Amino acid sequence: MAQSTASAPTETRGHPKGLYLLFTTEMWERMSYYGMRALLVLYMVSAAEKHGFGWTQAKALEVYGLYTGLVYLTPVAGGFLADRYLGQRLSVIIGGILMMLGQFVLAMPGTVEALFYTGLGLLVIGNGFFKPNISTMVGGLYAPGDARRDGAFTIFYMGINMGALLASAVCGTLGEKFGWTWGFASAGVGMALGVVIFLAFSNRLLGDVGKAPKRVERKAGAPAAPTVALTREEKDRIVVIFVLALFVVFFWAAFEQAGGLMNLYTDAKVDRSVFGWEVPTTWFQAVNPIFILLLGPIFAELWTGLGRRSKDPSIPAKMAMGLLLVSFGFVFMLGASKQSDASGKAALLWVVAAYFFHTAGELCLSPVGLSMVTKLAPAKYVSALMGVWFIANAVANYLAGLIGGYAEKMGEFDLFLAITIATAAAGGVLLAIAPMLKRMMHGADESKPAAQLAADGQSKPGIQAA
């Protein structure tokens, strides 16, 4: 099986050291991704004399949506290949190298569309190998029922957002102030660092987690091993994954306006002056990761603490909270739009407040969703189903680009209002059906005390706790 079973200690307060290796690797990969994302639409709409393509906002957002959608579509294939042939570790290395090459292709001087699309293609394929498999390895560090798992994914998620913070500070600043080539090149260097660190420490800190599946050779004439059907409980759990994936499309289609419409809106219609100095537009992409780093430890301890006391909200309920919070965040964008329509510019605090509530919603939904897949998916298909989970992101990111493009026709206020209503409605429906979905999980999201984990034989001494 691809999902290794060699890894989780019974100590329920510390975390395996391997978690922090995966945290660091993901941090550098996300620095690479978000660094490119912060620059992408600005680069595409920038005039030719500023070394951009000079495309319209609608075309730039369409390309942006298609690219970010494909980024989350290819993990299905990457997860399947890891489960059947490569293992998660090798897949992460292959993906990291391809994404590094993609960033360096984008960094080549000149505005040659063929090179531009080649660079994006390498990033799309590389992400397909990388994204589902590093997330799957986080789950592989913990035994079923370990109360630390949701908290571990929140810590891992902080690595994602530390990388996003570095992206705005490094890639965004270099690209916006010194030239697009410098921004894309710095993103490539970040990805290279992630690959080097993973290669240096994975054998020491991950034990057997993520290794290629063992293939058993069958002697000539020997009967084939019987095929094991999925049980009824496993089928119900897979259905839950698909149902929740449908709802998270609403969340990400709204949330991903951050890199598209909200990015362009901030550039053109937000007063970015602070004590006479104008904050670079790309720096606003750092607001979300800053809030993640501030709020992440609180949420990690909250979920872990509630889990120990058997009071943790169900996964569907947490995700419903996430949708309601992102909806509330867009209320502040309505305020910003009203102000910019009246006076030409909106106060930057409107945007910051929107990002705060979007971040709180993200922490209720995204790391919990990653953890959920590793809990509910049958071990043989966990990476592939992680890839399926990312299809929701693929659809949502593509829709985000299309939706953002309607701002030129509808106006920002009406579009922000539509997003507010749609996400609130989706959150309300999910909250209503949360008890039914929890029953269909058949206890997979319930935490076990350390003593029971040990009694069940789920102690895995090969991984050290930090």
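Which side chains meet in a salt bridge at 2.6 Å, N to O? They are those of Asp146 and Arg148, a salt bridge being a side-chain nitrogen of Lys or Arg within 4 Å of a carboxyl oxygen of Asp or Glu. Both residues of this pair, Asp146 and Arg148, are buried, where buried means under 20% relative accessible area, exposed over 50%, and partly exposed in between (1.4 Å probe, protein chains only).

The model is predicted, so local features need pLDDT of at least 70 and side-chain atom pairs count only at pLDDT 80 or more, whereas totals for chains, interfaces and linings use all residues. Residues are numbered from 1 along each chain as its sequence is written, and side-chain values use heavy atoms, with hydrogens and water left out.

The protein contains 15 helices and 4 strands; these are DSSP runs numbered from the N terminus, helices being H or I of at least four residues and strands E of at least two. Of its 466 residues, 58% count as buried. Contact means heavy atoms within 4.5 Å, and among contacts between residues at least 6 apart in sequence, 84% join residues at least 24 apart. The accessible surface comes to about 18,500 Å², of which 67% belongs to carbon and sulfur atoms. Such areas come from the Shrake-Rupley method with a 1.4 Å probe, and for residues only the protein chains shown count as cover.

The interior may be considered next. In soluble globular proteins, nonpolar side chains tend to be buried together. A nonpolar core is a set of buried Ala, Val, Leu, Ile, Met, Phe, Trp, Tyr and Cys residues joined through side-chain atoms within 4.5 Å. The largest such core has 134 residues, of which Phe116, Leu244 and Trp389 touch the most other members. Helix 1 (residues 17-45) gives the most to this core, with 16 residues. Leaving aside residues up to four places away in sequence, Phe116 touches Leu40, Tyr43, Met44, Phe53, Trp55, Val63 and Leu106. Ser327, in helix 10 (residues 315-343), is buried, with a relative accessible area of 5%. With the same exclusion of residues up to four places away, Ser327 touches Thr420, Thr423 and Ala424.

On the surface, Leu66, Leu70, Leu73, Val395, Tyr398, Leu399 and Leu402 form a nonpolar patch with about 530 Å² of accessible area together. Patches are made of residues with over 30% relative accessible area and no salt bridge, like charges being joined within 9 Å and nonpolar side chains (Val, Leu, Ile, Met, Phe, Trp, Tyr) within 5 Å. Helix 2 (57-71) and helix 12 (382-405) each supply at least two residues of the patch, and helix 12 gives the most, with 4 residues. Val395 is found in helix 12 and, at 39% relative accessibility, counts as partly exposed.

The count of salt bridges comes to 10. One of them joins the side chains of Glu233 and Arg237 (3.8 Å, N to O). Because Glu233 and Arg237 are 4 residues apart in helix 7 (residues 232-255), they are separated by about one helical turn. Glu233 is partly exposed at 40% relative accessibility, while Arg237 is buried, with a relative accessible area of 16%.

Another salt bridge is formed by the side chains of Lys269 and Glu412 (3.1 Å, N to O). Lys269 lies in helix 8 (residues 261-269) and Glu412 in helix 14 (residues 412-440), so the pair ties together parts that are 143 residues apart in sequence. Lys269 is partly exposed, with a relative accessible area of 27%, and Glu412 is buried at 14%. Finally, Asp267, Arg272 and Glu278 are linked in a network of salt bridges.
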